[in-house]
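Here is a briefing for a reader who is new to this structure. Start with the view below, then work through the topics in turn.

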Amino acid sequence: VVYATAVHDASNARILLYGGQTYYDLVADLTAYNLTTSSWEAYTPTGVGPGGRRGHGAIFDSVSKRMLVFGGEAFYSLSNEVFSLAADTVGAEHWSLLSPSGLAPDPRVGAAVVYDEAESRMLVTGGQGYYGLLTDVWSLDLTSTEAAVWGELSLSGDVGGGRMFAASAFDPVNRALLMFGGQGLYETHASALCLDMTTMTWTTA
């Protein structure tokens, strides 16, 4: 499987793996690697999930004990939807589609998606939309579990034309969104980008 997402569910000592692409099809399966028994487990959540898709992003909301899945690509379309997987009880996982308020980001594949726990928000940047690579940065406010809110962030600095499928992480100590590598329109990147969330400025390493 390629282009899947994996998140760490620390409270249940497992890694949740969703979606992706095999040789012949898109995947809609939810599986987990049990960190206690060192074994794989398959789950069949209730509710309606994202369906088969690749290049989506995901985080684990440790406060609400849920995995959030954003965007990605189905066979013929891109998405900007946000699905929530209630994951507090092992074996009783449940999918639901969120309906955040505010203007949503454009549909995209290969975005960098990270979790800022201190501010209770999901951050989304980059990826490829219908008309090219994207460099915007969006915040999904998760303060209210029932009423998430989208907002676009105003930034300075140069991100170098956009990239998709970059590795990403959030540094909670230095309050920074970090990206490395990824694919441009005509090149593969070997540089790192840092978004300082205090100054709201991009820098290149």
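Phe165 sits in the loop between E14 and strand E15 (167–171). Strands here are DSSP runs of E with at least two residues, helices are runs of H or I with at least four, and both are numbered from the N terminus. The model is predicted: local features need pLDDT of at least 70, side-chain atom pairs count only at pLDDT 80 or more, and totals for chains, interfaces and linings use all residues. Residues are numbered from 1 along each chain as its sequence is written, and side-chain values use heavy atoms, with hydrogens and water left out.

- Phe165 has a phi near 60 degrees, which is a positive value in a residue other than glycine.
- Phe165 counts as partly exposed, because its relative accessibility is 31%. The classes are buried (under 20% relative accessible area), exposed (over 50%) and partly exposed (in between), with a 1.4 Å probe and protein chains only.
- Together with Val2 and Tyr3, Phe165 makes a nonpolar surface patch of about 240 Å².
- Patch residues have over 30% relative accessible area and no salt bridge; like charges are joined within 9 Å, and nonpolar side chains (Val, Leu, Ile, Met, Phe, Trp, Tyr) within 5 Å. A salt bridge is a side-chain nitrogen of Lys or Arg within 4 Å of a carboxyl oxygen of Asp or Glu. Areas come from the Shrake-Rupley method with a 1.4 Å probe, and for residues only the protein chains shown count as cover.
- Val2 belongs to the segment before strand E1 (5–9). Its relative accessible area is 41%, so Val2 is partly exposed.

**Another positive phi**

- Met200 is not a glycine, yet its phi is positive, at about 55 degrees.
- Met200 lies in the loop between strand E17 (192–196) and strand E18 (201–204).

**The sheet E5-E6-E7-E8**

- Four strands form this open sheet, in the order E5-E6-E7-E8, with antiparallel pairing. Two strands pair if DSSP finds at least two bridges between them.
- Strand E5 (57–61) and strand E8 (94–97) are the edges; each has a single partner strand, so one side of each has no neighbour in the sheet.
- Neighbouring strands of this sheet are turned by 20 degrees against each other on average, direction ignored. Axes are lines fitted to C-alpha atoms, for helices over the stretch in contact, and angles run from 0 to 180 degrees between N-to-C directions.
- Seven bridges pair strand E6 (residues 66–73) with strand E7 (residues 78–86) in the antiparallel sense. E6 and E7 form a hairpin, with four residues between them.
- Leu68 is opposite Ser84 in E7, and Phe70 has Val82 in E7 as its bridge partner.
- E7 and E8 are antiparallel too, paired over four bridges. Leu85 has Trp95 in E8 as its bridge partner.
- Gly72 is part of strand E6. Gly72 counts as buried, because its relative accessibility is 0%.
- The C-alpha atoms of Gly72 and His56 are 3.6 Å apart, although the two residues are 16 apart along the chain.

**The sheet E9-E10-E13-E14**

- Four strands make this open sheet, in the order E9-E10-E13-E14, again with antiparallel pairing.
- Strand E9 (112–116) and E14 stand at the edges; each has a single partner strand, so one side of each is left without a neighbour in the sheet.
- Here, neighbouring strands are turned by 20 degrees against each other on average, direction ignored.
- E13 and E14 run antiparallel and are joined by four bridges. Trp138 has Glu152 in E14 as its bridge partner.

**Aromatic pairs**

- The count comes to eight aromatic pairs. Rings of Phe, Tyr and Trp (its six-membered ring) pair if their centres lie within 6.5 Å; planes under 30 degrees apart count as stacked, over 60 as edge-to-face and the rest as tilted.
- Phe83 and Trp95 are edge-to-face, because their ring centres are 6.4 Å apart and their planes stand at 90 degrees.
- This pair links distant parts of the chain: Phe83 in strand E7 and Trp95 in strand E8 are 12 residues apart.
- Phe83 counts as buried at 5% relative accessibility, and Trp95 counts as buried at 6%.
- Trp138 and Trp150 form an edge-to-face pair, 6.5 Å centre to centre with 90 degrees between the planes.
- Trp138 lies in strand E13 (residues 137–141) and Trp150 in strand E14 (residues 149–152), so the pair ties together parts that are 12 residues apart in sequence. Both Trp138 and Trp150 are buried.
- Tyr18, Phe83 and Trp95 form one aromatic cluster.
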